[in-house]
Amino acid sequence: MWQPATERLQVTYLGKVPTTGMQFLSGCTEKPVIELWKKHTLAREDVFPANALLEIRPFQVWLHHLDHKGEATVHMDTFQVARIAYCTADHNVSPNIFAWVYREINDDLSYQMDCHAVECESKLEAKKLAHAMMEAFKKTFHSMKSDGRIHRNSSSEEVSQELESDDG
């Protein structure tokens with residue numbers, strides 16, 4: 001059944017940095033998040049208000065950019081859930097950060113992996129986003145499997161089991 005939005009929260013978008021590697025395991029976002037966090041803390045004064053609205057939907061993630069009044073602008077980034085390699089809400093630099101690694105396809109059909117990060121109001125909000133992303137992964141995976149875009153083999157079964165057992 002289609003759901004309009006799984007989770008929608010005001011966040012502070014910290015930005016993105018290219019990341020390397022092909023295996024995305026626990027801790028793989030720590031170095032990029034530290035880099036983004038340092039840039040963010042150097043740029044802000046005392047309080048840095050939310051500058052984006054992150055909406056995790058089935059199959060897509062929308063990042064609505066907000067103006068200085070907190071109102072949505074026309075600029076929005078869209079991320080296909082099927083291109084997200086990894087996400088986590090478990091960072092040493094701040095428990096309020098939610099990050100994801102996204103495979104961006106370039107004009108020449110090459111790709112690069114970018115780590116995106118947002119700061120939430122609380123650790124609980126960051127964990128909510130991780131859980132919402134897990135649900136979006138499940139829906140995307142099951143849809144791709146039923147459409148025949150993913151063929152049954154040991155690696156897809158392992159991914160399915162990981163998605164069903166992960167707690168974000």
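In strand E2 (residues 52-57), isoleucine 56 is the bridge partner of glutamate 7. E1 and E2 pair in the antiparallel sense over 5 bridges. Strands count as paired if DSSP finds at least two bridges between them. The model is predicted: local features need pLDDT of at least 70, side-chain atom pairs count only at pLDDT 80 or more, and totals for chains, interfaces and linings use all residues. Residues are numbered from 1 along each chain as its sequence is written, and side-chain values use heavy atoms, with hydrogens and water left out.

The chain contains 3 helices and 7 strands. Along the sequence, the pattern reads β-α-β-β-β-β-β-β-α-α. Of the 168 residues, 41% count as buried. Buried means under 20% relative accessible area, exposed means over 50%, and partly exposed lies in between (1.4 Å probe, protein chains only). The chain exposes about 10,000 Å², and carbon and sulfur atoms supply 50% of that area. Accessible areas come from the Shrake-Rupley method with a 1.4 Å probe; for residues, only the protein chains shown count as cover. Among contacts with a separation of 6 or more, 56% come from residues 24 or more positions apart. A contact requires heavy atoms within 4.5 Å.

Leucine 9 also lies in strand E1. Its relative accessible area is 11%, so leucine 9 is buried. Leucine 9 and leucine 54 are 45 residues apart in sequence, yet 5.4 Å apart in space, C-alpha to C-alpha. Leaving aside residues up to four places away in sequence, leucine 9 touches Ala52, Leu53, Leu54, Glu125 and Leu129.

Strand E1 (residues 7-19) also runs antiparallel to E7, joined by 7 bridges. Glycine 15 has alanine 117 of E7 as its bridge partner. Valine 17 stands opposite cysteine 115 in E7. Strand E7 (residues 111-119) is mostly covered, with 7 of its 9 residues buried. Strand E6 (residues 97-105) pairs with E7 over 9 bridges, again in the antiparallel sense. Here phenylalanine 98 has valine 118 as its bridge partner in E7. In a regular strand, the side chains alternate between the two faces of the sheet.

E6 and E7 form a hairpin with 5 residues between them. Leucine 109 sits in the loop between these two strands. In the turn, leucine 109 has a positive phi of about 70°. Leucine 109 counts as exposed because its relative accessibility is 72%. Together with Ile105 and Tyr111, Leu109 forms a nonpolar surface patch with about 320 Å² of accessible area. Patches are made of residues with over 30% relative accessible area and no salt bridge; like charges are joined within 9 Å, and nonpolar side chains (Val, Leu, Ile, Met, Phe, Trp, Tyr) within 5 Å.

The structure holds 5 salt bridges. A salt bridge places a side-chain nitrogen of Lys or Arg within 4 Å of a carboxyl oxygen of Asp or Glu. One of them joins the side chains of lysine 16 and aspartate 114 (3.7 Å, N to O). Lysine 16 lies in strand E1 and aspartate 114 in strand E7, so the pair ties together parts 98 residues apart in sequence. Aspartate 114 is buried, with a relative accessible area of 1%, whereas lysine 16 is partly exposed at 45%.

Another salt bridge joins glutamate 35 and lysine 39, with the closest N and O atoms 3.7 Å apart. These residues are 4 residues apart in helix H1 (residues 30-43), so about one helical turn separates them. An α-helix has 3.6 residues a turn, so residues three or four places apart point the same way. Glutamate 35 is partly exposed at 39% relative accessible area. Lysine 39 is partly exposed at 48%.

The side chains of arginine 57 and glutamate 55 also meet in a salt bridge (2.7 Å, N to O). Both residues are buried. A network of salt bridges links Arg8, Glu55 and Arg57.

Helix H2 (residues 123-146) has 24 residues. H2 reaches 35 Å from its first C-alpha to its last, close to the 34 Å expected at 1.5 Å a residue. The expected span is 1.5 Å times one less than the number of residues. Glycine 148 follows H2 and has a positive phi, near 85°.
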